[in-house]
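Hi everyone, thanks for coming. Let me put the structure up, and then we can walk through it together.

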Amino acid sequence: MNGLLRTVRSARSAPIWAILAVCACAGEAGRSAGGKPAASSTPTPPGTPGSTGGNAGLGGPGTGTGASPGTVPTTSNTTPVPPVPAGLSTLGPTAIPRITRTEYVASIKSLLNIDVSGDVSVLPPDSFTPFDNAADYQSPSSTLIQGLRAVAEIASDKAMQTPEQKAALVGCTPAAANDEACFRQFVASFSLKALHRPLSDAEVGAFVAFLPFAQQGNDFYIAAKMVVQAVLQNMEFVYRTEIGSPVTGETDLVSLTDWELGARLSYLVWGETPDAALLDSVAKGTLGTPAGFRTEALRLLSDPRGVSRIQRFHAMSFGYEQLPHSASLSLAFRTETDALVKRVVFDTPSPWFNLFQSTDTYINQELATLYGMAAPASGYAWTPYPDATRTGLLSQGSILSNGAKGNDTSPTRRGKYILERMLCSPVPPPPPGVANTDQPPPPVAGANCKKDRYAAHSTGTCAGCHGQMDPIGFGLENYDLSGKRRETDEGRPECTITGAGQLPTGTTFNGPGELSKLLVADDRLGQCLAQRLYEFTVQRPLQATTDDAALKTLREHFNGTQFSLRDALLDWLGSGTFRYRRIEPFKAQVVP
Amino acid sequence: MKSSLLSRRTLLTGSAGAVVALPWLEAMAGKGAAAQAATAPLRFMVGFGGVTCGGPSTFTPTTVGAGYDLKRALMPLANVKDDVTVVTGLAIPPSGAGSWGGGSIWHASSIGPLLSGVSTPDNGSPRPKGPTADQRVADLLKGNAKFRSLEYRVQPQVYREHNGTWGIISYNQNGNTLQPNEPQSSPRIAYDALFTGFTPPGGGTMVDPVAQQKLLRDRSVLDLVKQQAETLIGRLSMPDKQRLQRHFEEIRTLEMQIANSAQASGVACAQLADPGADPATNTATYDMFDMARVVGYSGENERAPIMTNLMHMAFACDQTRTISMAYTFAQSFIDTQALMGIHRTDLHELGHGGGTDEETADCTAWHVKHFAELVGLLKNTPEGNGTVLDNTAMVMLFEGGNEDPVNGGDPHSGQNMFALIAGRAGGLKPGKHIIANGKHPCNMLISAMQAVGLQSDTHGELTGKIPELFA
């Protein structure tokens, strides 16, 4: 079949490609055609052969590498044809995303080996929805343009302060201030890393306009800094410009080029630009193969950057990315939770639900004292919980920090947190006309315990929603905002906390250990994980109906791997649809 | 000299072939003072403070009308009292026209009603559903100013709870698209944008050869960035293009702004001293009460005066005629000890019983102070026969008000709000205290927009100016 396709392509018989693509949509019959077209000697994009008159509708010839028309990178790209992915017709739409601040800092570290985390505050702040990457919040503005320019200048200065830095970055020794050969080599190598595709000769040549400044100042690195500045302001660095090439018969579906696929994978799994090995696998054509893709995806995921990314995914999902505690305590909580995530997802890949059922936790002296547990001999150590009242994530300070109101826990907010963050079951806002005081209920005469004060919520119009939230929160009341056990209300020793909680279903529980069991038994917990992972990947909130099928597919990958997050993610990414993009319609007025 | 300026006022072609226009020149108005006054540019400024004001007694003057007394939150108005009108008794209703939704979470839910006069979406989104007042007048006022509008913010960071949109108060309706205008919160960048290629009136050219060289390099870099962006935009599908088009346009705008040095005008126009590097942005965790809190402070006390001076010169040098200034984010988590020297909490918590009503008033006063300083600077900036303030309408709005303590005492509500309006553009007659009896704060903006020439009596879902402001 490969041979056939190769023949077909070499004959430039576009209609054949179109027919094959149509078959692909019909299902089994097209399984050998694939979204990835025939092997070729150049990274010409899939779909190009099917485009009319040899002039691709979207982007024109050469879109495969983003190179200008008429220029062809010299890399080879011999790729077997992957099967047509199931579920392509239900692929949800995505927009072109912008680099987040976190991704910017990580990419600059990777590209220039410098830290600009203190400099990116001039870029527009990201919004956490709960993820920081939602494309709908990434509106261009003059402030963005000015900020990108300012940070690019700072980065170019920081990156070339010492002779060692200059040599390492530029990669060749300029024979003169205006050494064009060395300059072009630097432009090409730096652009490849930053823009995750090779530039055409013409594109490299455009930078030569900077060389007279080097000559004038008798300093090669004047122009080198200008290169860094220009590349870091290039829209292909700032955005992941997934142009791809059209899929015949589909108006809004494109197949990503291998270069775009590499960038998409790298930004998803690492949150930064592809490394040399990934770019190499693109250039060699291996990333475009199912086996090659899986190898790279696994490599990235297993890398410390991949682990860290998955840990941050959890931190944003469950709202502990910024903890309201002292630096030392916040670090200890984060270390504790990160260790659990790493163990469950990577060290011994196991059902993700083990996050909630772990009977030991990774703590230091500070947390041991706080939780009332045996302290490790030194540093951090996995330490068993003394009994089943505490298990897993829900017992940890990073989770229990959520749901604060003022200086204390709010049973309402904790309940809302569990429903929305763990089960993806949003609680509707109070109905119109109901005063939302944003205040805990005030003391009532003769009944100042929290339980009594919140009783006001259980009557009238409040009861419908508060009846779902408050009883969950009360089941966690024995644990304060740092996860410390308490037996009475803050400052009210006369108010004993029972810790009795109840889910909206009526099932009762007491404390994090029992609640964890109930959550794990609730199908919505796994469904919610799948939803969050999907949202993180498509960089927007789930859209009812449109995304149902795609989410179902992802859920099936979880089921197929006994809910191993690592393996489900690998299977899902490797299932074939990952290299496609359905172009999201433009929304004139975004009110997320 | 005058005649040469006049002739140059026609469109000039810059070095890069871009078209640039000179700002409004006093010369244009001729020598007569009357003529100058007639053609002096009108300016519009709106300020926003992310603070829910304390109890009404901390700001409501006892006296109604002229010669009003200053309560704690308004003390900084002392030197500009006759130039500022205080309007109390304003309210954003929980339902109906320009409502905040009632059931939604208070705070950023007031941005839409306040600035755009539209009701908050059901989910409490901080994003208005219509253009903000500044953007409605920006095209009307722009003339030949360098910037169509400027959007600034003093507080650079969110500090807690992670929503960048809570600090955006300017939205532009561009065709079908409502575009958020992310404010510039770096004094460094704001300064560079205003003064790069700037030639003060009455001569003085940029002589610093180092700066001159840098400018040439910057232009060269930006030129390439623009070319590459243009190529890319041309390759995008229509939806992607629509989404990213503004990025390209802003690059082009920036390129034009730095590609041509602009002659500034205005008798009081002068290049400000370089502000140096921005104060560091910081969030820190402090023990407050019995637990630790994340609060932030990024040198806002140093940033605010720089921004005030930039706004002053942006008007005085006719670099823009429309400015929006978010002094703080909605629900600001700014560290009140660092900001005001009162005990350590954050601005939001202060209103939740984290401090006294007086301390809340003091933090409101922090915003009033910086607004008042801008009023004072414009008042002391001669223009024609009068001052720049005479040709300006400025409104200062706050995130929320305070319910009657007797009936609930919730510090988060649309009740008992106040706002300030300054300037004498369009017949505004400031210097008094007006009780608005439940009028919407947006009616203040309608008044200010009309004062600078907008031929419309509505903004969003609201209608009508406040006639007393002109009486």
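Before I point at a helix pair, a word on axes: they are lines fitted to C-alpha atoms, for helices over the stretch in contact, with angles running from 0 to 180 degrees between N-to-C directions. Helices here are DSSP runs of H or I with at least four residues, numbered from the N terminus.

Please keep in mind that this is a predicted model, where local features need pLDDT of at least 70, side-chain atom pairs count only at pLDDT 80 or more, and totals for chains, interfaces and linings use all residues. Residues are numbered from 1 along each chain as its sequence is written, with chains lettered from A and ligands numbered from 1 in the order in which they are written.

So, how do helix 10 (residues 347–354) and helix 11 (residues 357–379) of chain B cross? Their axes come within 9 Å, at roughly 155°. That angle makes helix 10 of chain B roughly antiparallel to helix 11 of chain B, a label for angles over 145 degrees. L347(B), L350(B) and G351(B) of helix 10 of chain B meet E359(B), T360(B) and C363(B) of helix 11 of chain B; contact means C-beta atoms, placed from the backbone, within 7 Å.

Now the two chains together. In chain A, 68 residues are in contact with 67 residues of chain B. Helix 4 of chain A gives the most to chain A's side, with seven residues.

Finally, V231(A): not counting residues up to four places away in sequence, V231(A) touches F190(A), S191(A), A194(A), L195(A) and F237(A).

Definitions and conventions: Two residues are in contact if their C-beta atoms, placed from the backbone, lie within 7 Å. Helices (H or I, at least four residues) and strands (E, at least two) are DSSP runs, numbered from the N terminus. Angles under 35 degrees count as roughly parallel, over 145 as roughly antiparallel, 65 to 115 as roughly perpendicular and the rest as oblique.
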